[in-house]
Amino acid sequence: MTENSLDTAGRQAAADQAGGARAAAAGPGSVDAAGGLDGTVSSTVVKRQPGGGRPPRPTLGRRAVTFADSLWRPALVLAVFFAAWWFVAAREYVPNYLVPTPGQVWETMTTQWSELARHTVVTLYETVLGFVLAAALGLVTAVAIAYSRTLDKALYPIVLFAQVIPKIAIAPLLVVWFGLGLTPKIILAVLIAFFPVVISGVAGLRSTDPELLDLAATMGAGPWRTFRKIRFPNALPHLMAGLKVAVTLAVVGAVVGEFVGASEGLGYVLLLANGNLDSALLFADLILMSAIGIVLFVLVEIAEALLIPWHASRRAGVSLTTS
Amino acid sequence: MTAAPAATGTAIGMSGLTVRFTTRRSQTTALDDVSLDIEPGEFVTIVGPSGCGKSTLLKIVAGLVKPTSGDVSLLQRPVRGPQKEIGFVFQKAALLEWRGARANILLQAEMRGMDRAQAARRADELIEMTGLTGFEKALPHELSGGMQQRVALCRALLHSPPVLLMDEPFGALDALTREQMNAELHRIWRETGTTVVLVTHSIAEAVFLGTRVVVMSPRPGRIIRTFPVELPAHRDYAQVMSDPRFDRLATDLRGLLGSAAANH
């Protein structure tokens, strides 16, 4: 039984590799190139015919193997990094108040966990809310720009120009306007995360094959149906790439907002630790901030895998990495 | 030249179609005074060199491009704006990457708001007719170029359109697949009785498929001549290729296209 499934996994791996090579040779979305490879492609398909036209999904075991395979190299790099850190800090090549040992950081993290957790939740809340708002506003703006020439001419230059303003420099103004509460942090997260969503959304919506749009016109479909069935799904790969950038930027927005004026959140804790020369707390805080970014990024990646499993970037069997 | 093209029974009427593109510096005439009437059930093939405006002609009939002057009618109604009573096949299959073959075919039904059950039945018929059985769920990238084009053809036929417009549908396929697709298209045309207008570069394809071959000149595109194809209605690829009538017509066409190109 086990042997049998292993064997299947092996054959699938081979088939997947062939598929990956084919996708790479044809290039994403290049129908003409795929046509040129007619002979090879059709023979592959014909071989699969008894089981239906479609290759079976990778088994759980094979996915785990792929996952482990994609993970061990970065894990090794991290291990080396921690070892070097520990070595330098434990031997006090650098004074302890500048660089704490990993052990000290761990101790701070565990003893002050309830406090740190509370602040993490605050920053997480600001980030997620900012990201969701930025995604919604960005998508609406992208649709407006992609559909209306007038709005394209009126809005696009302003969106581009607004990106030149250093958003971080607006933070003090936001605090003056909206006080020390959550509002200025969320606004800052929105402002920073908005731009990549708009740019990727517009690029995605504009990438629709003009022949598909001609086709939609001869099918008598209205703009809403064309958007729902053709333009929006077609824009998703671009959009998801933009959202991945946006979610990591949203963390930056929230933390910078907390720097300027706050009574809670990881940014506030960071300033506090800095003032007290508490480097262990500072490191613990940094780790938590990064963790927020990583977790949210992975969540967007999972959403991407669920939404666009058909896209070339997701076909090579690589999971949880930016490909 | 302003006479109404709507003679009784005409499937497609074109009269005095002229298309000019104006750029900042110059004016290009893509089509020059093209008139052509197509009867229901005809299979008209249009051959001509690249850039002679063949594709533009199809788009005018579909209502996707507005001519600078001239009149077009489809099923005896003047063409204003995109037409729904047609099926359109492009050189590229233009499939939705995220949909399987059957779902791609059913896009036609969804966009038109057709009855679901009826559309599903028709889709299954077409899948069987074009030999796509077993590939209903395959995504476009899992299909060969020929298979993709079969899906596009099924999509164009799903709503049983009275008129099928094809813009170099097999131009990107290899020679063998192309012959096979030609034979299949011929069979489908005989079975459905649809009026077909097919634009192509290939003289063999034009003669094998057409009941009438229209030859166009290089830019500005004009109709040089129209040839009736005197081959049986029921054609077999191998037989047609060895038929002396095929040879004669193909040679005539080649000569005509060659001299038209040389005069340019």
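These legends go with several close-up views of a predicted model.

Local features are described where pLDDT is at least 70 and side-chain atom pairs where it is 80 or more, while totals for chains, interfaces and linings use all residues. Residues are numbered from 1 along each chain as its sequence is written, chains are lettered from A and ligands numbered from 1 in the order in which they are written, and side-chain values use heavy atoms, with hydrogens and water left out.

**View 1. An open sheet of four strands in chain B.** Here the order is β2-β1-β4-β5 (chain B), and the pairing is antiparallel. Because β2 (27-38) and β5 (77-78) of chain B each have a single partner strand, they stand at the edges, and one side of each is left without a neighbour in the sheet. Strands are DSSP runs of E with at least two residues, helices are runs of H or I with at least four, and both are numbered from the N terminus; two strands pair if DSSP finds at least two bridges between them. Eight antiparallel bridges link strand β1 (residues 12-22) of chain B with β2(B). Look for B:F21, whose bridge partner in β2(B) is B:T28.

**View 2. A helix across the four strands' sheet.** Helix α1 (residues 54-62) of chain B lies across β1, β2 and β4 (69-74) of chain B, at about 120° to β1(B). Angles run from 0 to 180 degrees between N-to-C directions, with axes fitted to C-alpha atoms, for helices over the stretch in contact; contact means heavy atoms within 4.5 Å.

**View 3. An open sheet of six strands in chain B.** Its order is β6-β7-β8-β3-β9-β10 (chain B), with mixed pairing. At the edges are β6 and β10 (223-228) of chain B, each pairing on one side only. From one strand to the next, the twist averages 15°. Helix α4 (residues 145-157) of chain B packs on this sheet and touches β6 and β7 of chain B, its direction making about 165° with that of β6(B). Strands β3 (residues 43-47) and β8 (residues 195-200) of chain B run parallel and share five bridges, and B:F43 has B:V196 as its bridge partner in β8(B).

**View 4. Strand β6 (residues 86-89) of chain B, covered on both faces.** B:I86 and B:F88 on one side, and B:G87 and B:V89 on the other, are all buried (under 20% relative accessible area with a 1.4 Å probe, protein chains only; exposed is over 50%, partly exposed in between). Four bridges join β6(B) to the parallel strand β7 (residues 163-167) of chain B, where B:L165 is the bridge partner of B:F88.
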